[in-house]
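Please open the structure in your viewer and keep the sequence panel beside it. The tour moves from one selection to the next and says what is found at each stop.

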Amino acid sequence: MTVLPYLEVTAAAYAAAYTAGVLVTGTEDGAVLSGTCPRCSCPFDFTYTRRVYRHPPLGGRSAHTVTVPVLCVCETPHEGRPADEEGCGAYWNVLLERVAR
């Protein structure tokens, strides 16, 4: 497998390619998306958190769709990657539906 260099880039096809095989595991504050990067083909887990502080849960049941910006955060070394970055540099948006109980 050829390892691509780090490049901050997106493409229209990235979201569809990623969501075709992604596994979504709900958490109390968001979700963990486990899939394969459509650019570098490396597997990774991306954690989406709806909030950065704790507050009491809202009552009742609600559903809504949010746009989640996903970044490749694979652990594969990509040439040219800044020391404070992760992944290959690819990014895309996915729609995530949340159902609260």
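The stops below cover a charged patch, a pair of cysteines and a strand residue.

This is a predicted model, in which local features need pLDDT of at least 70 and side-chain atom pairs count only at pLDDT 80 or more, while totals for chains, interfaces and linings use all residues. Residues are numbered from 1 along each chain as its sequence is written, and side-chain values use heavy atoms, with hydrogens and water left out.

Begin by selecting E8, E75, D84, E85 and E86, which gather on the surface in a patch of negative charge (patch residues have over 30% relative accessible area and no salt bridge, and like charges are joined within 9 Å; a salt bridge is a side-chain nitrogen of Lys or Arg within 4 Å of a carboxyl oxygen of Asp or Glu). Within this selection, centre on D84, which sits in the loop between β4 (62-71) and β5 (91-100) (strands being DSSP runs of E, at least two residues, numbered from the N terminus). D84 counts as exposed because its relative accessibility is 66% (exposed means over 50% relative accessible area, buried under 20%, with a 1.4 Å probe and protein chains only).

Next, select C72 and C74. The structure holds 0 disulfides (a disulfide is a pair of cysteine sulfur atoms within 2.5 Å). The sulfur of C74 is 3.6 Å from its closest cysteine sulfur, in C72, and is therefore too far for a bond. C72 is buried at 2% relative accessibility, and C74 is buried with a relative accessible area of 3%.

Finally, move to L96 in strand β5, which counts as buried at 11% relative accessibility.

Definitions and conventions:
Patch = residues over 30% accessible without salt bridge, like charges linked within 9 Å, V, L, I, M, F, W, Y side chains within 5 Å. Areas by Shrake-Rupley, 256 points an atom, 1.4 Å probe, with all protein chains shown as cover. Lys, Arg positive; Asp, Glu negative; His and termini not counted. Charge placed at Lys NZ, Arg CZ, Asp CG, Glu CD. Helix = DSSP H or I, 4+ residues; strand = E, 2+ residues; numbered from the N terminus.
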